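Here are some notes to read alongside the model, written for someone meeting it for the first time. Please keep the 3D view open as you go through the points.

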Amino acid sequence: MMLTRLAYRPLLQQHGQVLVGQCILRWPVMGCMVVLPLLAVCLGWSASMPLVLSPFAAPTGLLLMAYACWLFWRSQQDVLLANEVRGTWPGGVYRHIRHPLYAALWLAALAQLLLWQDVLIGGGGILALLLLYGPSVRREEGLMLRGRGEAYRHYMQHTGRLWPRDLAA
């Protein structure tokens, strides 16, 4: 996910796109989802608050992480393609959900918990997202409403925030 972000960042800036998730990708989430697990591995920390989960938890976490990385990549690619190929908005994964980047982060945080099976190291990403997701999404949706007005309001009525509206019902 970080490599995707680094690869697409110059193109997003060049096209004048709002960097979706720019607030939430900063230090609290990065610290809990990247730095904390890396420190745990490098320093040989053992599970401080282990969880007893099903043997299927880790394979499920691996699948969730793979899907989260794909969704994250697609969210960045679709923002770029919106102007270059289609000339319209929304498209790609944005046809179904308004915030695929955040959905990818939530899936990655859940995958991290399933893979680590530890409340502290595995659950850190979920805690960071719980604290930062709401304000960040409200800010971004406010910007979109001011910039696109009624078109964005109509889009909001037909798409879900993190998963397709049809699945939410």
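1. Let's begin with Arg-153, which has a relative accessible area of 39% and so counts as partly exposed. The side chain of Arg-153 meets that of Glu-150 in a salt bridge, with 3.7 Å from N to O. Both residues sit in helix H6, three residues apart, or about one turn of the helix. Glu-150 is exposed, because its relative accessible area is 55% and the cut-off for exposed is over 50%. Please remember throughout that this is a predicted model.

2. A search of the whole structure gives four salt bridges. Another of them joins the side chains of Arg-98 and Glu-141, at 2.9 Å from N to O. This pair links distant parts of the chain: Arg-98 is in the loop between helix H3 (57-86) and H4, while Glu-141 is in helix H5, 43 residues apart. Both of these residues are buried.

3. Glu-141 also meets the side chain of Arg-161 in a salt bridge, again with 2.9 Å from N to O. Here, too, distant parts of the chain are linked, since Arg-161 is in the loop between H6 and H7 and Glu-141 in helix H5, 20 residues apart. Are the two partners buried or exposed, or something in between? Glu-141 has 4% relative accessibility, so it counts as buried, whereas Arg-161, with a relative accessible area of 34%, is partly exposed.

4. Now for the aromatic rings, where a search of the whole structure finds four pairs. In one of them, the ring centres of Tyr-102 and Tyr-133 are 5.7 Å apart and the planes stand at 80°, so the pair is edge-to-face. Tyr-102 belongs to helix H4 (residues 100-116) and Tyr-133 to helix H5 (residues 119-148), so this pair ties together parts that are 31 residues apart in sequence. Tyr-102 is buried, with a relative accessible area of 0%, and Tyr-133 counts as buried at 13%. Together with Trp-106, these two tyrosines form one aromatic cluster.

5. Which residues of helix H6 are about one helical turn apart and also form an aromatic pair? They are Tyr-152 and Tyr-155, whose rings make a tilted pair, 5.5 Å centre to centre with 50° between the planes. The two tyrosines are three residues apart in helix H6, which means a separation of about one helical turn. Both Tyr-152 and Tyr-155 are buried.

6. Do take a look at Thr-159, in the loop between helix H6 (150-158) and helix H7 (165-168). This threonine is buried, with a relative accessible area of 2%. Leaving aside neighbours within four places in sequence, the contacts of Thr-159 include Tyr-94, His-96, Arg-98 and Arg-165.

7. Val-35 is found in helix H2 (residues 27-43) and is partly exposed, with a relative accessible area of 38%.

8. Finally, the overall picture. The protein has seven helices and zero strands. Of its 169 residues, 39% count as buried. Among contacts with a separation of 6 or more, 75% come from residues 24 or more positions apart. The protein exposes about 9700 Å², and carbon and sulfur atoms supply 68% of that area.

Methods
Residues are numbered from 1 along each chain as its sequence is written. This is a predicted model: local features need pLDDT of at least 70, side-chain atom pairs count only at pLDDT 80 or more; totals for chains, interfaces and linings use all residues. Side-chain values use heavy atoms; hydrogens and water are left out. Helices (H or I, at least four residues) and strands (E, at least two) are DSSP runs, numbered from the N terminus. Buried means under 20% relative accessible area, exposed over 50%, partly exposed in between (1.4 Å probe, protein chains only). Contact means heavy atoms within 4.5 Å. Accessible areas come from the Shrake-Rupley method with a 1.4 Å probe; for residues, only the protein chains shown count as cover. Rings of Phe, Tyr and Trp (its six-membered ring) pair if their centres lie within 6.5 Å; planes under 30 degrees apart count as stacked, over 60 as edge-to-face and the rest as tilted.
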